[in-house]
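Please walk me through this structure, piece by piece.

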Amino acid sequence: MDYSVCDILTDRAKENMKEAHMKSLMTLKEVGFMLCKHDNRIDSGYWFSGDEWSIPTEKMNGCPEGEPVGFYHSHHSMLPEPSLSDLLVAYDRGYPYLCISGGSKHGDSHVVVCYDISPVWDEIGRLSELVSELGEASESGEDASDILAEIERVEREVNDVIERNSCSFEVEEYRRIVERVRGRRRD
Ligand SMILES: [Zn+2]
């Protein structure tokens with residue numbers, strides 16, 4: 001990639017992601033908004049919200065300007081990595097970009113991570129097929145352990161590739177709050 005997704009995000013989109021993440025931490029509900037490509041930049045589109053662990057996909061719609069190219073959402077209690085369903089929703093809709101906020105793997109910081117999933121488009125297509133096969137197998141009561149193992153294998157491959165191509169930025173407000181709380185404890 002010549003440039004990362006983060007380079008073409010507007011400042012407004014980045015600020016909205018940080019704000020949404022803090023809101024999500026306080027309510028313990030997932031929130032997010034569409035990513036809309038307009039004038040070669042990616043801006044925030046219409047917002048949506050869900051419950052603790054998911055967002056109904058029918059709520060995820062709309063760009064006031066430009067065309068939808070992905071979505072951002074918060075993981076308030078999970079790492080900022082796409083779940084299988086996050087990948088499949090983006091794939092079904094033909095969206096190359098996913099931005100997710102959450103606690104970083106290392107230390108106390110919270111970050112927004114943006115992924116370009118287009119290099120692994122075919123692999124995500126394979127995941128989509130495998131998930132259908134899994135559904136059919138469980139309906140007919142067949143042993144699905146091979147399918148499950150294959151899903152895990154492909155998902156790991158997808159995650160390895162997209163993690164290498166990801167970009168991220170910090171939710172500074174989270175760190176400020178942690179530091180304030182620590183400072184108060186020392187008093
Ligand atoms: Zn998610």
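A residue counts as buried if 20 or more other C-beta atoms lie within 10 Å of its own, as exposed if 12 or fewer do, and as partly exposed in between; the C-beta atoms are placed from the backbone. The model is predicted: local features need pLDDT of at least 70, side-chain atom pairs count only at pLDDT 80 or more, and totals for chains, interfaces and linings use all residues. Residues are numbered from 1 along each chain as its sequence is written. Helices (H or I, at least four residues) and strands (E, at least two) are DSSP runs, numbered from the N terminus.

Start with Leu28. Leu28 sits in the loop between helix H2 (11-27) and strand E1 (31-38). Its phi is near 55 degrees, a positive value in a residue other than glycine. Leu28 is exposed, because 12 other C-beta atoms lie within 10 Å.

Next comes Asp39. This residue lies in the loop between E1 and strand E2 (41-49). Asp39 also has a positive phi, near 50 degrees, and is not a glycine. With 10 other C-beta atoms within 10 Å, Asp39 is exposed.

Now turn to strand E5 (residues 110-116). Six of its seven residues are buried, so E5 is largely enclosed by the rest of the structure. Which strands pair with E5? Two strands pair if DSSP finds at least two bridges between them. Strand E4 (residues 97-103) pairs with E5 in the antiparallel sense, over seven bridges. Cys99 stands opposite Cys114 in E5. E4 and E5 form a hairpin with six residues between them. In that turn, Gly107 has a positive phi of about 70 degrees. Strand E6 (residues 167-170) runs antiparallel to E5, joined by four bridges. There, Val113 has Ser168 in E6 as its bridge partner.
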